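Take a look at the model below.

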Amino acid sequence: MTELSRIWRETEYRYNLIGYKCKNCNRTYFPPRDICPYCHRESIGKMEKFKLSGNGEITSYSIVHESSSAFKRQVPYVMALIKLNEGPVITAQIVDCDPDNVEIGKKVHMAFRKIREDGTNGIIEYGYKFKLA
Amino acid sequence: MLSNNVYIIGAGETKYGELWDKSLRNLAVEAGLKAIENAGIYSKDIDAIYGANGLAGTINEQENIGALIADFSGLSNEGIPSIRVEASTASGGAALREAYLSIKSGEYNVVVVGGVEKMTDIHGSDIIEKMSSILDREWEAFYGATPAAMAAIIARKYMHDFNVEKEALAMVPVNDHLNASKNLNAQYHNKLTLKQAMDAIPVAEPLNLMDCSPVSDGAAAVVLASEEYMKRNKKEGIKIIGSAIAQDYLSVGSRDSIYTLKSTKLAAEKAFRRANVKRDDISFVELHDSFSIYALLELEDLGFVEKGKAKELVYDEIKTGGRIPVNPSGGLKAKGDPYGAVGVGQVVEAYLQLNEKAGERQIKNAKYALLHNMAGTGTSSVIHILEGY
Ligand SMILES: [Zn+2]
């Protein structure tokens, strides 16, 4: 069973799509990271929270038929890499559409959804998914 | 003065597959004893053990694998050092490299490298959950990504950008199954037609069941020795002439190009430079093709063909007798994919091939082997180049 703290500590980023911006080189990152891989020690203390717009386009995707336990009730679902307008590429599901309408290059925007169930008596976890724009 | 070359003087492995009657420790000990016997060494000769394992903590709820292996191999009384090396699905290659470095450094003369994984005690979506821990758990797997889904996302983009048909990917399992049909230790011995490979049930589209390696149990072990040991015992052996490892971002999305395996590219450049051989010198390769798409990317990023052009190799050139024979063992799809054992199992295959003892699947005049062991979606790649004598 997952402790609440494990979920709680990422909630801000998962609910609001908050990433980080390196004030040394202006690159934006998602998920959050404490060090910029381009600026290394120059970025220490210069990584700032940055709210992403939630708009982007599909880099590529897969229709998943065999999932892990927490997603059994969702198959088949569309798993995608989405390039956000601000630069970062995010791994997320695309929902509320016929998988046949999903295509590389299509515009998407973020939606707030239930992500997974941690067993039958466990916690329901929420966060971002994406919808066709 | 002696050089500090490192040799492989013995090898052994279990059968790969769903081995219901064998436990994690049974497998590790069986492979280890076979390798030690094959090398003709005794427990008093062993300076250290490096044991590779990927997921025993999550699958078998057993950590402390170094002690487990040494204890049940009967080596606890002597206090021989035994540690586990973990680099996800590249644990085997990483353990080999650590053992190689320990001999290169002059510290040890004889080191046993083992790799083991016991995966089939858990089934279906539960094992997929455990296997997905090789991804970024919080930012990939948390949202429903699986290893197959990430490979499929890479495959779709690759096929889209380079105009590659799904058929080119399907040639990889066809070749693996043909080769595995001649390997008694392989998980599968059935040949696969192109149609069967194309028509299998979808796992993560565009990849189907035949594009994905199976869930496997298995173990492999090899014995490494120093130049000094070889001279003292008047032995000959397979020489490790190149060894390299490199890393990439944990998440696929963080990489500049999702179909470039940067860790493979970097490790290959280093290993070839060190070995001082050319791509054309390589007699065969063992590739980490946990998913068919990776075989194509690996052939490109290892430098055998330009990016986007692996389709020119997969129909004929990867066969035994082709320009660059791939996976004479049967590869991850058909020999099997017991995570921590894979990289060591590749050495077992190379050991047989370079000693001309691979039987029906022998590559003619095999002189140089390239072994490519990869973690996760390409997060680490370990490459070894071996020379026969
Ligand atoms: Zn920076």
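Buried means under 20% relative accessible area, exposed means over 50%, and partly exposed lies in between (1.4 Å probe, protein chains only). By that rule, B:Arg361 and B:Glu349 are both buried. This is a predicted model, in which local features need pLDDT of at least 70 and side-chain atom pairs count only at pLDDT 80 or more, while totals for chains, interfaces and linings use all residues. Residues are numbered from 1 along each chain as its sequence is written, chains are lettered from A and ligands numbered from 1 in the order in which they are written, and side-chain values use heavy atoms, with hydrogens and water left out.

Stay with that pair. The side chains of B:Arg361 and B:Glu349 form a salt bridge, 2.7 Å from N to O. The term stands for a side-chain nitrogen of Lys or Arg within 4 Å of a carboxyl oxygen of Asp or Glu. B:Glu349 sits in helix α14 of chain B and B:Arg361 in the loop between α14 (342-354) and β10 (368-375), so their pairing ties together parts that are 12 residues apart in sequence. Helices (H or I, at least four residues) and strands (E, at least two) are DSSP runs, numbered from the N terminus.

How many salt bridges are there over all chains? The count is 28. One of them joins B:Asp217 to B:Lys118, at 2.9 Å from N to O. B:Asp217 belongs to strand β7 (residues 217-226) of chain B and B:Lys118 to strand β4 (residues 110-118) of chain B, so this pair links parts that are 99 residues apart in sequence. B:Asp217 is buried, at 0% relative accessible area. B:Lys118 is buried too, at 1%.

Another salt bridge stays within one helix. B:Lys195 pairs with B:Asp199, their closest N and O atoms being 2.5 Å apart. The two are four residues apart in helix α8 (residues 194-199) of chain B, which means about one helical turn separates them. B:Lys195 is exposed, with a relative accessibility of 59%.

Now turn to the interface. Here 36 residues of chain A contact 32 residues of chain B, where contact means heavy atoms within 4.5 Å. The area buried between the two chains is about 3,200 Å², and carbon and sulfur atoms give 55% of it. Buried area is the accessible area (1.4 Å probe) that two parts lose on being put together, summed over both. A:Arg14, A:Glu66 and A:Thr91 supply 18% of what chain A buries against chain B, more than any other three residues.

Which charged pairs cross over? Two salt bridges are counted between chain A and chain B. In one, A:Arg116 meets B:Glu129, with the closest N and O atoms 3.2 Å apart. A:Arg14 is part of a salt-bridge network with B:Arg137 and B:Glu138.

On the side of chain A that touches chain B, β4(A) gives the most, with six residues. β4(A) also runs antiparallel to strand β5 (residues 202-205) of chain B, joined by two bridges. Two strands pair if DSSP finds at least two bridges between them. In β5(B), B:Ala204 is the bridge partner of A:Val64.
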